Amino acid sequence: MKIAVVGPGAMGYLIAALLKTKAKEDVWLVDKRAERAKKLNDRGIFVEGSSGEFTAKVNVVSEAKEAGVCDLAVICVKSYSTEDACKDIKEMVGPKTSVLTLQNGVGNIQILNDHFGQERLIAGVTNHGATFLGVGRVRHAGKGDTVIGNADGKVLGMIRDVANILTKAGLETKISKDIQSVIWSKLVINVGINALTAVMRLHNGKLIEYPGTRELLRGAVHEAVKVTKRKRIRLNYDDPVQKVESVCKATAGNISSMLQDVLARKRTEIDFINGAIVRQGKALGIPTPVNEALTNLVKTIESSYEEAVKLPC
Ligand code: PAF
């Protein structure tokens, strides 16, 4: 299958490298920055961690037209870049191309839907950890499951093919007929972990070791659960706080994706995670003070990187 991986971040690198090396697919990575795309083309993508050590030589292009129409486009950009990515990859998406999103947060499906239509859209989540180590270098920081499906619950042939290819690549993938439930179940986990790790600059596992962060994690999760209940979205676990805390344990050494962004002084996905709970809460008349505070803190961190205080030495 000819597969475009859109987004040269940690997850984009990992998926592109695994699809090429383990599943032996024809992979085209899109990196808008031409200079970096050239470097990646020459050097390949170096992977270390849970999948072993290897270098994958994938085709890297800075413009979609260099690759042409693909069978599948995997969207791996940060949620705030989804709109731009849709415009950038137009030449890769033909009448038979499927578009897969495994991004964090909520809101991406709607954007992809508006651009490409629901019939070709495959949505999902992945619980694999990926840490960006530098240009062309990624650590597979931990294995988890991947679940995909489409919005109307139909299991089409293409969804099965994509699940098989991802599984062959080492990203064991299941199919769900209730993808909203899958996405919101992951969202609640991200709501509990991401912003708190970014504000506190702690590994995931540390959040449950301190009473203060543990209480805030629980508060953020309780608010998110109230929103999901009012929206009649079913979560795929019975005890959300226990689930989030178990993910903290299972990914104890992870630097969450939001903390990676903050450490790299980049924009974060806060608007699509805790910010989404605040917006939905407002629309439904549900107070979300913990998520509001976390959103305000992360947004302030994002806008004040240059002003962060350092000790005069
Ligand atoms: O965004 C992340 O970092 C991950 O989704 C998770 C599950 C919080 C693990 O680090």
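Me: What volume does the second largest pocket have?
Reply: In this predicted model, the second largest pocket has a volume of about 310 Å³. Its lining is made of 18 residues, and those closest to the centre are Val 106, Gly 107, Asn 108, Ile 109 and Gln 180.

Me: Which residues of helix 5 are buried?
Reply: A residue counts as buried when its relative accessible area is under 20%. In helix 5 these are Asn 108, Ile 109, Ile 111, Leu 112, Asn 113 and Phe 116. Among the elements that cover them are strand 6 (70-75), helix 4 (82-88), strand 7 (93-101), strand 8 (121-126) and helix 7. Just after helix 5 comes Gly 117, with a positive phi of about 90°.

Me: How many disulfides are there?
Reply: A disulfide is a covalent bond between the sulfur atoms of two cysteines. The test asks for two cysteine sulfur atoms within 2.5 Å, and the count here is zero. For Cys 76, the nearest cysteine sulfur is that of Cys 86, 13 Å away, and Cys 76 is in no disulfide.

Me: Is Cys 76 buried or exposed, and what about Cys 248?
Reply: Cys 76 has a relative accessible area of 15%, so this residue is buried. Cys 248 also counts as buried, at 0% relative accessibility.

Notes: Residues are numbered from 1 along each chain as its sequence is written. This is a predicted model: local features need pLDDT of at least 70, side-chain atom pairs count only at pLDDT 80 or more; totals for chains, interfaces and linings use all residues. Side-chain values use heavy atoms; hydrogens and water are left out. On a 1 Å grid over the protein atoms alone, a cavity is a set of points where a 1.4 Å probe fits but cannot get out, and a pocket is an open set with protein on both sides within 12 Å along at least five of seven lines; lining residues have an atom within 4 Å of a point. Grid points are joined across faces, edges and corners, and a volume is the space filled by probe spheres set on the points. Buried means under 20% relative accessible area, exposed over 50%, partly exposed in between (1.4 Å probe, protein chains only). Helices (H or I, at least four residues) and strands (E, at least two) are DSSP runs, numbered from the N terminus. Contact means heavy atoms within 4.5 Å.
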